[in-house]
Every structure is written in C-alpha cells, then in structure tokens.
Amino acid sequence: MDTQTVFRNLQLVLPEIVLTLTILAIIGYDLFLRRETSHRTGLVALVGLAIMAVFLIRQGTTPPTEAFMQLVRVDAFGRFFKFLFIATTALIVLFSLHSREVRTYKSGEYYAILLTATLGMCFLVSAINFLMFYLAIETVSLSSYVLAGYLKRDRMSSEAALKYLLYGAVASGVMLFGISYLFGITGSFSMAAAIGGISTQKVALVALLFVLVGFAFKMSLAPFHFWVPDVYQGAPTPITAYLAVASKAAGFGALFRFLLPLFPDVEIGQTLQGVIARLDVRPLFWVLAVVTMSVGNLVAIRQRDLKRLLAYSSIAHAGYITMGLAVMNAKALEAMLFYFVAYLFMNLGAFLVAMILINKLGSSLLDDCKGLVSRLPFLAVAMAVFLFSLTGMPPTVGFIAKFNIFYVLIAQGTWWYYSLALIGVGNTVVSLYYYMRIVNAMVLQKADVERPPVSWSPADGLLLLVLVVPTIVLGIYWSPLIRFVTVALQ
Amino acid sequence: MIDAHLLTLIVFLPILGMVMVLAIPGSQRQLIRITAAFFTFLVFVLSTYLFLVFDRSNVQMQFVEHYSWISQYNIWYYMGVDGLSVILIFLTGILCFIATFAAWNIEKAVKGYYAMYLLLVTGMLGVFCTLDFFLFYVFWEIMLLPMYFLIGIWGGPKREYAAIKFFIYTLVGSVLILLVILAFYFKTGSFDMLELIRERPFQATPVFEKVLFFALFIGFAIKIPVFPFHTWLPDAHVEAPTAISVILAGILLKMGGYGLLRISYPMLPGAAWDDGVRYFLAILGLVNIIYGALCAMAQTDFKRLVAYSSISHMGFVLLGIAVLNAEALNGAVFMMFSHGLSSAMLFLLVGVIYDRAHHRDLSRFGGLGTKMPIYLTLSIVGFFASLGLPGTSSFISEIMVFLGSYQVYLGITIAALLGIILTAAYILWTVERVYLGKLRPEFEGFSDCSGREIFTLVPLALLLILFGILPNIVLDVFRESMQYLIQIVTLQ
C-alpha cells in the first residue's frame, strides 16, 4: 500500500477518526483539566458525536468502496447503522448526564469507554473480513463489560459485569473456533468467501453454527440469552439501554453484513446467486425467532422489577426482528432496519422512564410504581405511550414496525410463514399482558402507603419529549423513515 | 364548504375537544364537563345533519374525502359513508352526547375522564367513516386504548381485572383482523375497501377465503360478542361506570356487526354465501339468543342481567346477517340501531338506582315504583322496548328478522321465538322484583329522578317510541345500501 492509497482509505473512515479523536480528547480533558467537574466530558462526547454525524452525512455521496485491503466496506448500509449508533450514543450520553447512578462516580473514563464501544460498533457493521470483525466485536464486548460493572460499590453491577464477561468470553471463544474452521476450509478471512465455502462443503455448516453463536449472544437470541436479565438489571440504567439498543443493533448489523450474499434480491457487496439454493439457513432463523420471542414474552410475565421485565421484553423484540431473517429478502431487510429505528425510540424511552424512576424513587420495582400517575403524571403517560408502542398498537411507530414484519411474512404465502405470523401475533397478545401490568401499576392502582411527592425537573420532561414525540409522530406519518431505510439498501 | 369535509369534522372534533379539555386546569371540573358536553353536542348536531342530508336513494359512498397519506404503502386518508355508516354515526352522535351527562357525577380525575372519553368518541366515529382498511385498523385500535383506561380507572371494585380482560380479548380479535388486512394487501397491493369489494381477491381460492372469513369472524365475533367469545362482556359491563356501559353496549357492540357487513361479507362473498357457513352463523345467532336469555334470567346483579340481555339481542343481529335476505338484513341493522338506544337506556336506568342504593342486587330491591313514579314510567318504557313490545322500535326489528329467517331457516326461527318468551320472562320478572311489591324501608328516603337523569332518559324513550311507530325514518336510510350489499354478496 503506497501512501496515496493509505490516505484515500483514511478519508473513508473519517467519521471513525473523528470519534477516535473525541475519545482521546475526553481522556486528555479528564487527565489534565478540571478534574472536579469531570462530567463535562459528557459534553465533549456530544460535540464529538455531532462532528462525526456531519462527516457521515458528507460521506453520503461517495460510492460504496472497500478499504484497507478488503477489511471494511464503506457504504450506505453501514452508514445507516452508524447513524443509529450516533443517535443512540448521544441519547445515552444525555441519559448518563442525568442519571444519579452514574453521577455518583467520577466519570471521565465513562464517556471515553462508551465512545470506544460505539467505535467498535461502527467497525463491526462495516467489517467484511473476519479479522476486522473479531477485533471490532471484542472492542465492543470489552468496553461493555467495563460499563456494565461501572457502579463499583454496587454488588449487582459487579455481578452483572462478571456474568457478562464469562458468557461473552465463552461465546466469543466458540465463535473464534468457528472462524478458524472457516479459515481452514477457504484459506481466507473474507466473509463472502466463507459463505461460498459453506455452501460447497457440508462440514462447514458446523463452523457456521459456531460463528452464529457469537452473533446470537450479541443479539440476545434464545438460548443464548441467559446473561441478559442479570446484566440488564445490574448495569447502570443508561448502559442497560445502550446494550439493549445499540449493542443489539450492532449484532444484527454485523450478521446482516455476513449473510447479505444470501439475500437473493439485495445487491450490497457480493451476491452469490448459486449459493442460495444450496444453503438455506432460513429454517434455522424460523426456529430461533419462535424460541426467542416465546421465551422472552413468557418469562417476562412474572417479572417484578421493571428493568428485568424490560430485559425480557428486549429479548422478545430480538425474536420479532429475527422473523425477518426467516424470510431473508430485500423487503424483509427493509422491515428489520425499520424496526431498529422504531425500537430505538420506544425502547430507549422505556429505559429512560426506568432511569428516572431510579433517580426519584431509588428503585425500579413494579410495586413501587403504584399510583405513580398522581405523583408524576407526565412520566406515567409517557411510559404508557412507550409500552403501547412496544406492544405494537397504532398510532405509534411500534405498530408500523410490526406491521412491516408481519407483512413480509404474509407475503411469503406459505403455511410455514402463516404459522410464524400466527405465533408472532400470539406473542404480541402475551406481551400486551405484561406491558399492561406496568400501566396497571402506574395508572390504575393506588399506592399502598402514602408517599411524599417527588420533584420534577424540566430536564426529565425534555428528555422524555425527545422520545415520545417521534414515537407518536412516526406512527402517524412514517414516509421519511421509509426513505431513510431505502437509502441504506442502495 | 362544510359538506366537503363533513366527515373529517365529525371524526376529529372530539380530538379538538380533548386538547381543549387537557388545556383546562384540573380543578375547573365544571368547565371541563361543559367543554366536553359542547363538543359532543357539536358532534350530535353534525351527525344529525349528516342523517338528514344523506341521499337515501344513492347506494354509492357519499361525502367522500380521498387524500394520499403514505404513498409508499398506498395508504389513503379515505372517508365516505353509505346508509349503514350514517345510522351508526347518528346513533353514536346521540349516545355520546347523552353519555357525557351520564358521567356528570364522576368526581375522580374529571379531566382525565373526559379526555379519554373524547378520544374514544373519535375512535368510534372513525371506524364508521373510513374506507381505507389501514385507517380502519388504526381507528379500531384507538377505540381500545381509552376504553381500557375508562374501565380500569373509573370502574367498580374489580375494574383492573375487567379492563385487562376486555383489552386482551379485543386485541386477540384485532390482531386476527390485522393478519387478514395484510393478506388482502399482499394480494392486491391496496387498502382501498371499495376496490377490495370490487375485486374479491380470494374468489379463486375458496378454502383460503373461508380461512380468512373465519379469522375476520372471530375478530368481529369478540366485539359483537358471539358465544363463546362473550365472556369479557359481563365483566366489562359490571365494572364500567354507567356512561361507559352505555357506550359499550350502545356503540361498541355494533362494531362487530358493522365489520361483518362492511368487510367480511362484501369482500369475501364466496365464504359468506356458502350454505354451510350461513347455517353455522345462524346457529351461533340462535345460541346467542337462547343462551343470553337463560343467563340473564339467572343473574342476581342488575347490570349483569342487562349485559346478558345484550348478548341475547345481538343474537338476532347475527341471525339476520346470516340469513341475508332483504327483510332479515334490514331487521338486523335496525336491531343494531334500536338496541343501541334501548340498551343505553337500560344501563342508564340501572345507573339511576345504583347511585341511590349503591348496590345492584336484584333480590334486595322491591317496591321502588311507589317511591319513584317518574323512574317507574321511564323504566317501563325502557324495559318494554327491550322486550320488543309493539309500538317500540325493537318490535319492528325483531319482526323483520323473523320474517326474513322464516323463509330460510324455519327450525331456527321457531327455536328463536322461544328466545322471545325467555326475554319476556326475565324482563317481567326483573320489573316485578325491582319496582313492584311492597316498598322496602331502606328505600324510604330515595328521591325520584333528578333533572339530569330525566334529561338523559327521556330522549331515548321518545326515540324508541318514535322509531317504533315510524320506522321508515331510519329504515329508508339504509334500505338501498343493504339491497346493494345483498346484490354484491349473492352475485357469484
């Protein structure tokens, strides 16, 4: 590689470079300046993310390019996820600035680690080579372990970090084993070559399964979901939200990138038309989707802690999205991408409510939420909106997202997919029950004991509004969102 | 000018009212009530206007509004009404206005109550007005949310259970409807109901058409409600506040029948006109009539009794729809209308006594007629209208259903006549237990109906008698539309 190529390649990752510089700036700021008000590093992070977004938008005109000797691919598909990560991270930074849990600790490194995880995700969804892919996924994982255990004096948080680390290490070990097999078969780390290799050699299917374990862990698909409830409950709430939205989206994004050659009518990167007939992984995802949403929804029914309940609900949502993978065509991909955007708003919103509750009441138990509507009316109403959206009721964006997924299922027109749609619909009804348990506690029930009124700051309301408004508005007029998603597939 | 956007105006005025109500401070209770009453009055006036200016001889959709909404999905903001929608909108206009006053004595979170109530009104009117399948579903669900809160917050002691039961039952129904909507959309790429009616996309695949028909039927049957999907109804009615029972029985139960006639029958005519399917639905109607009446007879709770009588009456609607000839169908639709008035009146009557006695146990009433003469008079009108006494609109509708079904299903008709006897039995027995006999000492201090209660009850009583003597005022509105519907369904 001559210098000129290097520079050209570096230009392609300018947004990521901005992010890296931001991380360094945060560390520098924390080390040398104003140690006592280290929360200002959060503002530095926000500025950095804004600049990154500008560079990402400017990149919009460049044609899809493979860079750094086919390690990463810079294209609209990756940009879609990067925008998603920037939006999520920016919101998580805002949450963290507002979170009592996080603020009790000196937090210079907190934002640096958060952005490092985001950096890893950005590379994860652009990687087309297993080497790059593994480096990226480990960057995300290691940062996430630290963030999950960030509340050093909280035993739950430490437990969460340890569990996450153990599960994560096993999952990534298994995945690495699978990758080594694939390398042995194809003699290359290229993902496209791996898919080609799998289709010709049956033994490679085993390798594929091993690799999928790593993905399933990140996407929290059953039966690789066991870490989710404990980690989500123990981690600081903003980090829980981050894991539930950004980390999950990154896992799905990377899996899409890996499997894109198998989508018959999607032309991003290499398409391997001949392979599809020989390698049909859709039944696998059919099963994963059914198991994941059923486990998530059924176990959620009995939860008494809001964060834990939302953890199971987010498992169920991973299952709904996986239904799209069981179809595997361009329409399904569009529906899944759409779902991520909807999921961002409604799920972050639900976790934000959990965070505010912990700020105000010091607990996220459902029993403590009783009669909340009389003390924090706007919070209860906002939560109801998020929960209706998570259930998939119109007029919220969650309905449109589910509508799209069910549409691609019905459009397949075979009984396998009709039955999948029916199972999905049944799951939706189950989910209504436990989502309504929250509304029931907040709105319909009265508090057992007289509790003092809680203060309400404008920042709470503003943050909630930022998420409530799109949840409703995009449920009534979602044409812009369709355009945003279709751009990603060009 | 107003005609071009009349339907939009009718549907979204309550939303405007909701915003106004939310803007008023919660302590200004009277102002909130008056605002809500003002907006429901406007809806009432506009729906009456619609009822009067609607062209009865024209079977095409009228007052059509058609704008693109989400072009990528081919979703339109498409509104329009035919005779069937017009009388149900008219009914909604009447009952919503009256129910606003029935809730006047609610003191708990008045602002929240009327905000939810007005949202509910928009949802109901939207369902009757829209001609876009997607929009239909949106309104259908919008109706659900406020109902959950209205029962759950302002209901009786077991309100949480009743609210979630209502919600889950209805959601099961609506997701089935959603799957069918998706199947239609996939087949035709359109949500346009009229286009779907013209195209009959599933006529070539009769088995699949029947599957879709039954999926839709379950969705609508839960709303009607048809045995065995009815168990949410008594619970919801018993726990709901009086005004919400009025809306529930008067309008929400009509959604199922409306859905069958607007969607299931014209869009899936092959399944609807299948002899086996028709017979099956007729049997279900009969079961509803008999089972509802028998259950009503066994109740000791006044409101539960009225709820079961609704189930029984909706059986006539289902029977009339299943028979599907001109007499029976017009009878069924007229039944929907007159049952809307009579059941609303019965729930209001129960509310009157509950406000005084604070219980609804039939065995603990007696002799109220001597203490409350006005109440007695109005009750007699209400109960006899529900019983189907000649001179009330229920009589006309029942007779029409029987005239129609007699020509097709003789056995079922005779069995259904038994239902009439059972109805007479439980209603007369109720009248006897509540109003006749010796006055119990604990009712000594009861006052007769207040001005507000008379104001809510008298219009319903007058309308029931008026439409019993001059049924053509209402029948003319939908006769042509129903004739057209029969043409569509029977044209194979």
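Tutor: Buried area is the accessible area, found with a 1.4 Å probe, that two parts lose on being put together, summed over both. With that in hand, we can turn to this predicted model.

Student: What is the area buried between chain B and chain A?

Tutor: The contact involves 34 residues of chain B and 34 residues of chain A. Carbon and sulfur atoms give 81% of the area buried between the two chains, and that area is about 3,200 Å².

Student: Which element of chain B gives the largest share of the side that touches chain A?

Tutor: Two or more residues of this side come from each of β1 (62-70), α5 (133-154) and α6 (159-188) of chain B. By class, the side of chain B that touches chain A has 28 nonpolar, three polar and three charged residues. The largest share, 15 residues, comes from α6(B).

Student: How many residue pairs are in polar contact across the interface of chain B and chain A, both at pLDDT 80 or more?

Tutor: Salt bridges between chain B and chain A number zero. For polar contacts across the interface, with both residues at pLDDT 80 or more, the number of residue pairs is four.

Conventions:
Residues numbered from 1 in each chain as written. Chains lettered and ligands numbered in written order. Predicted model: local features only at pLDDT ≥ 70, side-chain atom pairs only at ≥ 80, totals over all residues. Heavy atoms only, no water. Contact = heavy atoms within 4.5 Å. Salt bridge = Lys/Arg side-chain N within 4 Å of Asp/Glu carboxyl O. Polar contact = N/O pair within 3.5 Å; in protein donor to acceptor, adjacent residues only side chain to side chain. Helix = DSSP H or I, 4+ residues; strand = E, 2+ residues; numbered from the N terminus. Nonpolar A, V, L, I, M, F, W, Y, C, P; charged D, E, K, R; others polar.
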